[in-house]
Amino acid sequence: MEKLDIVIVGGGPIGIACGLEAKKKGLRYLIIEKGPIVNSLFNYPINMQFFSSSERLEIDGIPFISKEAKPKRNEALEYYRRIVTGNQLSIHLFELVESVQKTDTGFSVLTNKDNYLADHVIVATGFYDLPNTLGIPGESLPKVSHYYKDPHFYASQKLAIVGASNSAIDAALECWRKGSEVTLIIRGPEVGQRVKYWVRPDVINRIGEGSIKAYYNSTLKEVREGEVVVDTPEGTIHLENDFVLALTGYMPNFEFLQKLGIQLSEDEKRLPQYNHDTMETNVEGLYLAGVICGGMETHKWFIENSRIHAPMIVSSILEKKASKITS
């Protein structure tokens, strides 16, 4: 079995950036992605528009041309797919990494299809796979989803949306415009301040005119077949309901990180330990890249401010290789 210089876990934009950098530097690498190319972006809402402008989503200086300043999901899929195929990156798709074991000479990476040996591992898995659940009765009913894809599905339906962030507000506006009867259930006193600046006034106006109903300082208490139970400042209310979108955010796979031996902070942020200059974790030879670095603070890392991780990591790996040769 040929030993690789790097195995990259995750084929999102940052994983792809790491692969590009490794290829440029002549390193033997492999990207392993459990789904299609940029799996997380593929699972974004079909009409999603990025907060970042296209040039801030570029990797390796490859131009990203979009119709508008802020590109949409389909344009991002085209951009990153063309980078992978045009550069003939070494990537295995629909292959799940099951374990990464530290050995005396590097790492053994076991997947559902094969086993690989590598000197270094980069974890660039993002955070979109595990939703923050509500932990309430009825959350497991088929009518409840933690992911939103297409507004057409909810046309002419009574839809409750839990959340006040970009994903929840985008879904509320899109579904209302496709004929849904939308109710927002918001834990805080207002629509989230981090909602896209061109979207926030829109939803506030729709709420103000009564097109979208909003319950502030409220929580979803229970989901039943034909209704939802909501705790509001005025008391507990029962609302007729067909579907629930619980868009309360997502989290990294902390269990996977801990199995790798990565130390996490003991507070609610659960920040993984890594060197901010090299991105190397407390496990020698094991690196983090992308939004996975933020723990529960998933709003702090994006493609635009974590794409620099790729050259930082590869530079560190090259330095390690050079020091082994001279020692």
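I take buried to mean under 20% relative accessible area, exposed over 50%, and partly exposed in between, with a 1.4 Å probe and protein chains only. This is a predicted model, in which local features need pLDDT of at least 70 and side-chain atom pairs count only at pLDDT 80 or more, while totals for chains, interfaces and linings use all residues. Residues are numbered from 1 along each chain as its sequence is written, and side-chain values use heavy atoms, with hydrogens and water left out.

Entry on salt bridges. I counted a salt bridge where a side-chain nitrogen of Lys or Arg lies within 4 Å of a carboxyl oxygen of Asp or Glu, and the structure holds 21 of these. I looked up Arg28 and Asp5, whose side chains meet in a salt bridge at 3.3 Å, N to O. This pair links distant parts of the chain, 23 residues apart, with Arg28 in the loop between helix H1 (13–24) and strand S2 (29–32) and Asp5 in strand S1 (residues 3–9); helices (H or I, at least four residues) and strands (E, at least two) are DSSP runs, numbered from the N terminus. Asp5 is buried at a relative accessible area of 3%, whereas Arg28 is partly exposed at 37%.

I then turned to pairs within helices. Glu78 and Arg81 form a salt bridge at 2.2 Å, N to O, and they are separated by about one helical turn because they stand three residues apart in helix H3 (residues 73–86). Glu78 is partly exposed at 33%, and Arg81 is partly exposed at 36%. Asp202 and Arg206 meet in a salt bridge at 2.6 Å, N to O, and both are buried. Salt bridges that share partners join Arg177, Asp202, Arg206 and Glu209 into one network.

Entry on the sheet. I found five strands in an open sheet, ordered S8-S15-S9-S10-S11 with parallel pairing, where two strands pair if DSSP finds at least two bridges between them. Strand S8 (144–145) and strand S11 (213–215) are the edge strands, each pairing on one side only. Four bridges join strand S9 (residues 158–162) to strand S15 (residues 243–246), and Ala160 stands opposite Val244 in S15.

Entry on Leu220. What does Leu220 touch, not counting residues up to four places away in sequence? With contact meaning heavy atoms within 4.5 Å, I list Leu134, Ile136, Val162, Ile185, Val228, Val229, Val230 and Val244. Leu220 lies in strand S12 (residues 219–223) and counts as buried because its relative accessibility is 8%.
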